[in-house]
Amino acid sequence: MKVSDAIAQRVSVRAFKPDPVPGSTVREILEAASHSPSGGNLQPWKVYALAGQPLAEFKAIIAAKLAAGESETPEYDVYPHSLWEPFKKRRFETGAQRYAALGVYNKDKAALKELGERNYRFFGAPVGLFFCLDRRLGPPQWSDMGMYLLSVMLLAVERGLDTCPQESWSNWPVSVRAFLNLPDDIMLFAGMSLGYRDPDHPLNAIRTVREPFDAFAQMRGF
Ligand SMILES: Cc1cc2nc3c(=O)[nH]c(=O)nc-3n(C[C@H](O)[C@H](O)[C@H](O)COP(=O)(O)O)c2cc1C
């Protein structure tokens, strides 16, 4: 598969079939992704892959907390507290696409909550990944993490698999840290669902748009 095709075909998938992914395939992807570049070759990524019983156990822990109305102090702010244009509109539109796909009215609090909570079931994926790094590292290393995540997503596409990267997991740092037995200096950056898409689910019909080239790039001297 061409890199261009993998980039074009990757989308965030939010409903998966339960079909398992072989451990050898998951390992192959995570290992190949370690060829991602990182400033100073720091390789800040630490990855934890859950499937089967451990995944079920972990999802049950979060489900019980959600049912009890519990929450945790997020590991970090995913967005600035008050977004401004053009980011506000883009964020609003991607949310609106999801509500429309499910026919959810945007003031239906229960339906919106349920939509958000799908994250914490890894959207039904058979594999849940957590990406962590040393909390003393800074923005350059967070960007290295992003490169590792993208490599994982493209390697998954190459193998006919789908993903959804999930910063929403940063809302459950205490539970994730306790379950994975993470040392204090390791923080949770994001999770990721990995598996085979449910092709019939309306959430998977969503295609997000991108700004036109001239809106974000300038070329000089060509
Ligand atoms: C680092 C990162 C974290 C994300 N976190 C979430 C998340 O928690 N839940 C979710 O449904 N989508 C999440 N997304 C997916 C974005 O919403 C998605 O990439 C964006 O809307 C563009 O759509 P596409 O991935 O289908 O091209 C995340 C994406 C990235 C890159």
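Mentor: Start with overall size. The protein has 222 residues, and a compact globule of that length would have a radius of gyration near 17 Å; the value here is 18 Å, which agrees. Keep in mind that this is a predicted model. Along the principal axes, the C-alpha atoms fill a box of roughly 60 × 45 × 35 Å.

Now the parts list. The protein holds eight helices and four strands. Read from the N terminus, the order is α-α-β-α-α-α-β-α-β-α-β-α.

On to the packing. Two packed helices are described by the angle between their axes and the distance between the axes. Keep both numbers in view for each pair.

Take helix 3 and helix 7 to begin with. Helix 3 covers residues 52-67, and helix 7 covers residues 173-180. Their axes lie 11 Å apart, at an angle of about 150°. An angle over 145 degrees counts as roughly antiparallel, so helix 3 is roughly antiparallel to helix 7. The crossing of this pair is right-handed. Which residues make the contact? Helix 3 supplies Pro 54, Glu 57, Phe 58, Ile 61, Ile 62 and Lys 65. Helix 7 answers with Ser 175, Val 176 and Phe 179. Sort the residues of this contact by class and you get six nonpolar, one polar and two charged.

Next comes helix 2 with helix 6. Helix 2 is residues 23-32, and helix 6 is residues 139-158. Here the axes come within 8 Å and cross at roughly 135°. Helix 2 and helix 6 are therefore oblique to each other. Helix 2 passes helix 6 in a right-handed crossing. From helix 2, the contact uses Ile 29, Leu 30 and Ala 32. From helix 6, Tyr 148, Val 152, Leu 155 and Ala 156 meet them. The class count for this contact is seven nonpolar, no polar and no charged residues.

Now set the sheet beside the helices. Strands of a sheet pair through backbone hydrogen bonds, either parallel or antiparallel. This sheet is open, has four strands in the order 1-2-4-3, and pairs in the antiparallel sense. Strand 1 (46-51) and strand 3 (162-166) stand at the edges. Each has a single partner strand, so one side of each is left without a neighbour in the sheet. On average, neighbouring strands are turned by 25° against each other, direction ignored.

Strand 3 pairs with strand 4, residues 186-195, over five bridges, and the pairing is antiparallel. Within that pairing, Gln 166 has Gly 191 of strand 4 as its bridge partner.

Finish with two spots in the loops. Which peptide bond is cis? The one from Glu 85 to Pro 86, with omega near 5°. Pro 86 sits in the loop between helix 3 and helix 4 (87-102). The other spot is Asn 41. Asn 41 is not a glycine, yet its phi is positive, at about 55°. Find Asn 41 in the loop between helix 2 and strand 1.

Key: Residues are numbered from 1 along each chain as its sequence is written. This is a predicted model: local features need pLDDT of at least 70, side-chain atom pairs count only at pLDDT 80 or more; totals for chains, interfaces and linings use all residues. Side-chain values use heavy atoms; hydrogens and water are left out. Axes are lines fitted to C-alpha atoms, for helices over the stretch in contact, and angles run from 0 to 180 degrees between N-to-C directions. Angles under 35 degrees count as roughly parallel, over 145 as roughly antiparallel, 65 to 115 as roughly perpendicular and the rest as oblique. A crossing is left-handed if the near helix is turned anticlockwise from the far one by less than a right angle, and right-handed if clockwise. Contact means heavy atoms within 4.5 Å. Ala, Val, Leu, Ile, Met, Phe, Trp, Tyr, Cys and Pro count as nonpolar, Asp, Glu, Lys and Arg as charged, and the others, Gly among them, as polar. Two strands pair if DSSP finds at least two bridges between them. The radius of gyration is taken over C-alpha atoms; the globule rule is 2.2 Å times the number of residues to the power 0.38.
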